[in-house]
Structure formats: C-alpha cells, structure tokens
Amino acid sequence: MRASQDIYPQSVDVERDVEQLRNSWRHPRGVLGWLSFTTHQAIGTRYIVTAFIMLLAGGIEALMIRTQLMRANNGYLGPERYNQIFTTHGTTMMFLFAVPVMEGMAIYLVPLMCGTRNVAFPRLNAFGYWMYLFGVLFLYWGVFTNTAPDVGWFAYPPLSGPQYTPGKSTDFWAQMITFTEVSALCVAAEIIATISKMRAPGMSLNRMPLYIWSILIQSWMIIFAMPAIVLASSYLLSDRTVGTHFVNPAEGGDPLLYQHIFWFFGHPEVYIIFIPALGFVSAIVVAHARREIVGYTAMVLAQIANGFIAFGLWVHHMFATDLPQIGEAYFTASSMMIAVTSGVQIFCWIATLWSGRPRMTTALHFVYGFIAIFVLGGLTGVMLAAVPLDLQAHDTYFVVAHFHYVLIGGALFPLFGAFYHWHPKFTGRLMNETLGRANFWVLFAGFNLTFFPMHILGLKGMPRRIYTYPPGMGWDGLNLLATVGAWIIAAGGILFIVNFLWSRKNGEVAGNNPWDADSLEWAASSPPANYNFEYLPAVTSRYPLWAPREQRGVVTGLATDRREALVTTLMDAEPHHRYILPGSSIWPLISAICVTIGFAGSVFNGWYITWGAIISGLAFIGWFWPKRPLEPAHD
Amino acid sequence: MTDVQTIDVGHLKAYDISNQDPLWWGQFMFVFIEGAMFAILIAAYFYTRLRMDVWPPPGDQFPHKLLPTLELIPLILSCAGTYWASEAAKKNSRGGMAGGLTLNIALAAVALWMRIVEWHSLNFNWMTDIQGSYVWAFLGLHTFDYIADLAFTAVLLLLVLIGRCGPKQRLGVHVDSIVWYFLVAIWIPIYVVIYWGPIIVETQQ
Amino acid sequence: MKTTTRVAKVSAATCTAFTLLLTSCIYNRQSAIDPAGPQSGRIDTLWWSFFWLLGAIFLIVMVLTAMTLTRQHRGFEQEPLEALHKASEKTEARLRSVITGATIVSIVILFVLIVASTVTGKANSELQNKKNPLTIQVTGTQWWWQIEYKMGDPTRSLVTANEIHIPVGRPIQIRGASNDVIHSFWVPNLNGKRDLIPSRITTEWLEADHPGAYRGQCAEFCGLQHAHMALWVIAEPEDKFNAWLEAQLQPAASPRTPEEIKGEQVFMNHACIYCHAIEGTPAAGQSGPDLTHFGSRRGIAANTLPNTMGNLAGWILDPQTIKPGNHMATIEVSSGDLQPLLEYLESLK
C-alpha cells in the first residue's frame, strides 16, 4: 500500500515513517526466521490454518463414525477402532479445532479492531501457538501409532483409570489437554491485556465493537474454566502414572468428583467456543444489514450474563447420577436462564436485520443459517434442562443432535460466515459469492439431514457411543439418512476448500473496506501490513468508519524505528504511555520445545517433569535475558 | 490539508512501571489462573473429605504444626523485601532493588527450608491414601511455583547486580512482586488445610 | 478335530445370521415416547408439552427471521439509514420495546416450563411412597447385568442376569451398583436412566402398567462392548410373576436325557465353572452370569443374540468374534461335546 500524505496531518513525514515502520516490523528471513515470527497476523494465520487441518481430520473421523453406523451390525469398524475414532473426533473438534480456531481469529482480529499494532505479548503468543501445535502432533502421534485414546473426550474414571485402560493411550490424551490448555491460557491472558490496555484512544468500554466484547468475555471464561480441566486431567494422569488416588473409588477417591471438575470446565467450554461466534454474528449483521446494532447495551449485558451463568449449570450433565432433588431444581432453572440471555441476543439481531437493509452476501447467508439452527439447538437445550426429560434423553442421540445443533449451528456457521466476511481482509481478495452460496446451501441441507434424524433416534432409544446396533430397533432408516447427510456436509466442505483455493488467485481484489463496514480493521490495508496502521487510529464513536470524516483521528508521535504501540486507560481509553513491543524471537519455540520434552516425557517417566522444568526454566531465562543494548528509554 | 484530528503521544513516557502496563495485567492473569486452580483443589479436598467416614485416614499422622506456623514469619516478612524492591524499581534505585530482592530471596529460602524439613517428616506419601494424594498435591504444586518464582527472582537480582537492568527489567522486578504476594497469600489457606484441616474436620470411628 | 471345530464355527455363524434375520422382530420396544408405566407416561406428557410449546416458538422466530428478508426496510426511513446507519429515535425506541416485550414473554414461558418440569419430577418421585415395593439390585459389569432380587427372607434371594421380571402395577425399587466402571441403567419405556457408579448405590423407581417385554441397554459409555450390554424387563401379571419367581428360586433342573447328562459333565470338566455358577451343582464361579436358569432367558451375551441353540453354539465356540473384547474365554470344546453341552444348557429352564 502506498502511503498517502493527503489524509494525514502536515506535521508528519509519512514517507519516512512508513519506511521506518516497514523496516522495524519486517519479518526475519530464512527457516529460522520463519520460526521466529511474532506478528499477530502470522501467528493468527498459523492458528487458523492448523485448526482447519484439524477440522478436516475431525471431519474425516466423523465420516468414519457415520459410515460405521450406516446400517445395523456393520462391520466397517470394530469396537476398538470405533471407540478410538469417536474419542479422537470429540477431542479434536473441542480441543484442537473449535477453541484454537476462535483464538486464531481473535489473535488476527483483536489488534486490528482495537486499532493497535500487535497483541500485548507477541512472544507469548508465538509460544502459545507452538504449544498448541505440539499438542496436535502429540495426540496424532498417538493416533497413528495405534495408541489413540478410546475412553471418550470426557475420559470418565474409573474406565479411564489404570485398571480398565492400561497402556499409554489415555496418558497421551490427558497430556494433550495440558498442551492445549497452556496455549489457550496464554492467548486468553494476552487478549485480555490487549483489549484492556491497548485500545485506540477514545475507544472507551461502551464503544468497543460487540466482537471485542465477546472475545473479552470468552478470555475471562478461559481464565476461570481451564484451570479446572488442567486439574481434572492431572488427577487422571497422576492416578495413572504415579499411583495417587484422587478419583480411584477403591481408595476413597470419587469418580463423580472428576465429573464435577470436568463439567465445571466442560460446560463453560461450550460457551468459550460459541460466545466469540456470537461476536462474529454481531459484526456480520452490523456490516451487512448496514446499520447499527439494535440494543447494544442489552447485547453486552446478555453476553456478560451468559459468561457468568455458564459456570452455574455444569450439573445438568450429571442429572442421571442420582443427585439431591433440590440441587437439580437449581440447575434446571439456571440452565433455562441461559435461554433468556441467548434469546435477547437473537431478538436484537432480528430487530437489526428487520430495520436494516440486509445485503444477502454469503456471510449473511451463514448468519441466517446460524439463527435457524442455533434457535432449534437452544430449544432442545431447554428440553434437556428439564430433569425428567434429560433422564430420558441424556447420553442418547437426542443429545448428540442437540449439541451439534448448538456447536455447528452456533459456532461453525458463524465461523464460515466470518471467514467469508474477513477473507478479503486476510488475503486482499473476496471469495466467490456464487460458490459461497452453493457452499452455504449444501452445508445447511447436509447438516439438517445428518442431525435432525438424530433427535428421533434418541427418543427411540438409541444410546450414544455404541459402535453398532441390532436390526429391528427402528433405527436403520434414520441412521442411513444421517450418514447420507454427513457425506453431503463433506461435499459442502469441499466446496469451501475449492472456493478458498480459487479465490487466492482469482478472487476480486477487495480494497480496504469492500463491505463498507464500520470497525477499525477495515481502515487497514488488505491484507494488513505487519504494523497494521501507518498511524494508529483514534475514535470518537462506536462505529468509527461510519463516523463523519471530521470526527476521525490519528495518533502521531509513536516511535517508528522500533516496534512501539500505545497503552491507554482501561475504561476510557485515554493515552497513558508508549509501549515497546518485542520483535521476532526464536526463544518461544525453544521454550515450547523444552516444555514439550517435559510434558511428553512425563507420560513415560515421571522424572521428565523435573528435567523438563529445569530446561524450560533455562529457556525462559534465555527468553527474558536483556538483549544488548538495553532498550532506549526515549524519555 | 487534512480534516483528521491528531493526537500527539510523543510526549508520553516510553514505559511505565506501574499497574498501567500490559505486563502487569499479564502477571495478574497468571495470578487469577493459579488462584482458580488452588481454589478448585481446596474445594475438591473438602468434597472428598466430606465423603469419608474417618478423617484423616487411619495410619496417617497428624502433621506437626509448630514448624509450618513458624514458617509463616519469614514468609510474610519476605513480602517486605518484595515491596522494597518493587518501589525501588519505580524510582530506578539499583541499591533498593538489590537489597529488596536479596531480603526476599533470603527469607523465602529460610521458609522453604522449614517447609522441606516438615515435609520430610510426614509418614505418608501420595500413594498411601487419598489424604496423602491431596497433601502432596498442595505441597508439590505450591512448592513448584514457589521455587520457579524464586529462581526468576534470583535471575532479576543477578541482572540488577551486574547492571543489565533497563526499564524492561525494572518492570519485571515490579510485576514479579504480584506473583510473590500471591504465592504468600495463597499459602495461608493451604497451610490451614494441610496442617489444621485434619484437626478441624477430624472424625474418628 | 480342528477342521471340525471350524466347520462347527461356520455353521454356527450361519445359524446365527439366520436366527438374527428371523427373530429380529423380537427386538422391539425401546423407546422413550412409547410409555408403559406411570413414570415414563408423565415424562412423555411433559415431552409433548415442551415439544408443542417450543415448536411454536421456533416457528414464530423463523417466520420473523424470514420476514426480515422480505420487508427490507419497508415502513422505516430509507435515506437517513443510508447516511446515518441508524433509524430515527422513534423507530429505535419501538424496536427496543419489542425486544423487551419478547424477553419478558420468554421469561414467563421458561418459568412455566420450570414449574412443569419440577412438578413432573416430584410426581415421579412419589412412587417410592407406594406400598409393597419390590427391590431389585442391578449391578453393572463389563458387559452384562447382574440382577439380584432382594427378598425379606434372605434364603429366598435370587441371582440372575440380563433379564428382569416384574409384576405389573407394583412399584419396583432398582438399586444400582457397579463392579467396575460407570454404567447406566435405562429402560426407556418405563423410566429415565440412572447411572451405576462404583463405590455408590443409586436408586431408581419404576412401575409397569401394561404387561410386555421392554428392552433397555447401557447408556453410559463403559468400554469396548458398551454397544452389547442390553437387558430385558418382562412385566407380567402378579400370578405369572410369582410362578416365575418360584421356578427361579429352585436349584437347576437335573439333566434327564443321556445327552444332557453328558452335557453337564462337559460343563463341569471345562473351565466354564471358574466363572459361572449353576445352583445345585459344583459350578460356583462368580465373575460371569449365573446360569442356573439360563434356558429360560431370552438372550445370550447380555442380549447380544437371541437365546437359540445355534447362537449358543456360535457363542461358546467363538465369543470373541461375536462380542470382541468381552471377558468370556474361548474354550476348546470338541465337536462331540458341543451338542450335549448345548442341550444341557438349554435344559436349564
């Protein structure tokens, strides 16, 4: 992009500044250089690409599951293989696809939408990515060496304990959790710091785009939910490897305690996945209905309430464990409350579309698809919150249908919409709209064909996680239908890939703001330069690019000969001080390798924890060791 | 000409050693994460304990309370060293940082020695029974963090002593203090659970 | 000898396939929306109330959503929207009050649903106050069900497997336990599910109001053969149930024909006795299902197969093909011994 002097004040030397910015933000060359990238666009892209590969892996596993269940007494997969596949499918989709892809999108979009140059901790960001990647490789190393986990993505003890699942498969699973949680926590911490302290001047809390709100809430949820799963998987791992008794019923440990801790994480996990997706929906609705959101305050409050309530309803996964009735009533009420806060958001979107001028782009198609699917999934969720209904539907295909409606409808459809929406920003080119619409309709049809029959299957008594079923149960036809649907979904996925590849070369060149959208990322060039903005923007309204020209502003005076950003105050985003961002560094990778040696080795020998801690400590010291010369203070 | 407003930030400081810095927020998140983990672990301890008819499990000695209680003294005092160092970091006083960090490390090391002596005297380990698992988890997790932060503090002290101590490092001294306060503060409930817990919630057959 | 075993295996497998085809119609009732008892009946009513109410809400929301496509702005000012990206203050206020109204309505509806759900739950828990209950302990084991009838008189206690007989109209208390991992007891036509958790006892109450055979199967993932862990609940009129009970309380029938006598010896001389018990004989193994009245049961291998002589032959000769990973050892039975063994086991009515 050529810098244009005319839109900037006379006082600045745009050409010199841009030249310096290019130099100070330039990526290092070579393989080693490539491994040292710390810009948020690079790391975000790596997250998104890795996560999409995981989506493909999880999708192939799903097809294998559906093919096995196509007809009664099918012999395609044996029980051992089937259990591995469904466990790997769930684990991949939850831990290695859904959460990381949301994080990748956030890493890419948050600094742009907040109007800053990078996330607050760029090297931590890179470290988080490497941990995630090593977690992926670790689990799939197990899968390809026939030590795939086979006790479900929830790994309830005692089935997952040393007595009933000997071997290393569950240890692989439990340690993979640690990898992804370390990664998720790194991202959450840096996203919170970025949003709290690095927003554009003038972007007070009540001017933050709804997507920023959603990712902020999601990050806080990660901070409080993920420690629980770290604890649960550590319980499991230490019971299995060093002989503790945390969840061993023979020694006073309680398998239900594991379930409590697991679901204290596991339920918020679902919201961790779909709350950012709701943020995508808000961004798409505003941009493509071409109007401000109706009920901004209500939306923000509903999202915050969602975040809180999500921690108060984990027990609805455990109604069948014979809990006291009074507790059940509480968890029924809290589970249904989430329908109100979600409902408010749905109403606001409908009102915005209703009174706007919706432009029927592919992105908006996915939003409409999202509303249809997610509302249905939400209503079956209300059914499952009722204890008597849950006791029938729990652990049947009704639940499988429900959470695929909520997760695919609530997260994957908005994600596809978001991809169509932001693809021009990521790559500089629009995706093909005709193919995009075909992509949407095939996915939508395939999705409903696959998962709607599962409601009926569940009511007709088909439990989850069975690798086969006898004929004559009345399940054959519906299962066949679901399998056909799954293959149609796969066709939709292929259309998406085709469109993506086609658009890389042939897509229409987008320009900075092809949708005439409102938020700051559209002020940057497409794709954005490593430093995002020549001059950081300053804002005076909630929809900065829709504000009259005289209300727009830019920040001058930041050093351009080093990576520097602006720290602003938490509430009002008033400039506070300048902040020197670190440059490229290989240390995150070295540290991640050292930590990985500790984590991966501990599956085989507990002492690796000690050795891993020592070498990781040394790596972290190398990371933080001051570079020569000490950074100039400029003050 | 332009009609765009400008905000010139050239006059602002290039760093700020205070809670306004993103790094401070990052450390604060770390404290939240650790805090959430210990909170869940404590809740899990009581959940498990309430299911048991006899507590502590037969054969487990009651932990001694004298040494762990005495340990609190150097531990809490070490926060003074931390505070001294973190204030000196703001004022860019090398002597203050060196003194504060040295005091911090010395007192923390004394407390650590007392803890390990007491730990060594336990007649059960993590494999013995469920109480053993929990006590060792509390001690292990907290001591691991404790030693890690101590090592990091030692590195900071080294940087201060050899004079490689720019604004980033001084900010490090400042934000590191939050983690130390946290580790001391969270030790108090853990201390109560480990050393007084078996007595407070004791039940005999 | 090896060849004959293989021939026997093949013929047994063919036999199995045929019987499966022919008898597939006996796998029938396992449905939450086909209630056969008061508990499941109430849940069924609750389900349909939820279904209609929430279904109506779904339709309304969908119609409104679809209308956003057609009205594109009619009734609202066009030009200012283009320029300002928002409608007039009056329109915005109107939209906000509609959202508020819709939210209040949803709160009211959810309140009604919570009450309906709680009332149903309460009504279903009333069964435990009814007189003259029958207590049955169900112990989940990888991958079959041990059934124990707990009578007041301990000498009249009964142990069986994978099949529960209950009298119609009498409250049944199911005490759930587990020998290994977590299982879940679920007979959808009678009531919702209840987990069977090691180191705990869980309780569920159910009652049948029509005679019939109701299938259930394990609903909590319990390992390799989770799919093949089914049970039958046979609800019978009181007198028929009592007759069944008396028959089951007897020790195993003595073999009568020479074939059966030989079969008993085959059983006693093989490893079968290490795991299986047959009351009235030296066989007293505890880790497998009790076979005292095996011939009277509907299925074998936790109802993986219907109980026919052909299936039984296939099962004994090659349990690991029919139910891979299950804990039944493959025992070498010579072809001459197989038929007597089958005759004997099937005679244990």
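This is a predicted model: local features need pLDDT of at least 70, side-chain atom pairs count only at pLDDT 80 or more; totals for chains, interfaces and linings use all residues.
How many salt bridges are counted between domain 2 of chain C and domain 3 of chain C? The count is zero.

Chain C is assigned three domains. Domain 1 covers 2-30 + 251-346, domain 2 covers 38-127, and domain 3 covers 130-249. The centres of domain 2 of chain C and domain 3 of chain C lie 42 Å apart, taken over C-alpha atoms. Seven residues of domain 2 of chain C and eleven residues of domain 3 of chain C make up their contact. About 650 Å² is buried between domain 2 of chain C and domain 3 of chain C. Of this area, 55% is on carbon and sulfur atoms. On the side of domain 2 of chain C, the most area is lost by Pro38(C), Ser40(C) and Leu127(C). Together these residues account for 74% of what that side buries.

Helix α2 (residues 38-71) of chain C gives the most to the side of domain 2 of chain C that touches domain 3 of chain C, with four residues. By class, that side has three nonpolar, three polar and one charged residues.

The interface of chain B and chain A was examined next. Here 54 residues of chain B are in contact with 71 residues of chain A. The two chains bury about 5300 Å² between them, and 68% of it is on carbon and sulfur atoms. One salt bridge is found across the interface of chain B and chain A. Arg51(B) forms a salt bridge with Asp254(A), and the closest N and O atoms are 3.5 Å apart. Polar contacts across the interface of chain B and chain A involve 17 residue pairs, both at pLDDT 80 or more. Four elements of chain B, namely β1 (5-8), α1 (22-51), α4 (130-162) and α5 (167-200), each supply at least two residues of the side that touches chain A. The most comes from α1(B), with 15 residues. The side of chain B that touches chain A divides into 33 nonpolar, twelve polar and nine charged residues.

Within chain A, Phe620(A) lies in helix α17 (residues 607-624). Its relative accessible area is 28%, so Phe620(A) is partly exposed. Beyond four places away in sequence, Phe620(A) touches Phe127(A), Ser591(A) and Val595(A). Phe620(A) and Pro588(A) are 32 residues apart in sequence and 8.4 Å apart in space, C-alpha to C-alpha.

Terms used: Residues are numbered from 1 along each chain as its sequence is written. Chains are lettered from A and ligands numbered from 1 in the order in which they are written. Side-chain values use heavy atoms; hydrogens and water are left out. Domain bounds come from an automatic or database domain assignment. Contact means heavy atoms within 4.5 Å. Buried area is the accessible area (1.4 Å probe) that two parts lose on being put together, summed over both. A salt bridge is a side-chain nitrogen of Lys or Arg within 4 Å of a carboxyl oxygen of Asp or Glu. Ala, Val, Leu, Ile, Met, Phe, Trp, Tyr, Cys and Pro count as nonpolar, Asp, Glu, Lys and Arg as charged, and the others, Gly among them, as polar. Buried means under 20% relative accessible area, exposed over 50%, partly exposed in between (1.4 Å probe, protein chains only). A polar contact is a pair of N or O atoms within 3.5 Å; within protein, one must be able to donate a hydrogen and the other to accept it, and residues adjacent in sequence count only if both atoms are side-chain atoms.
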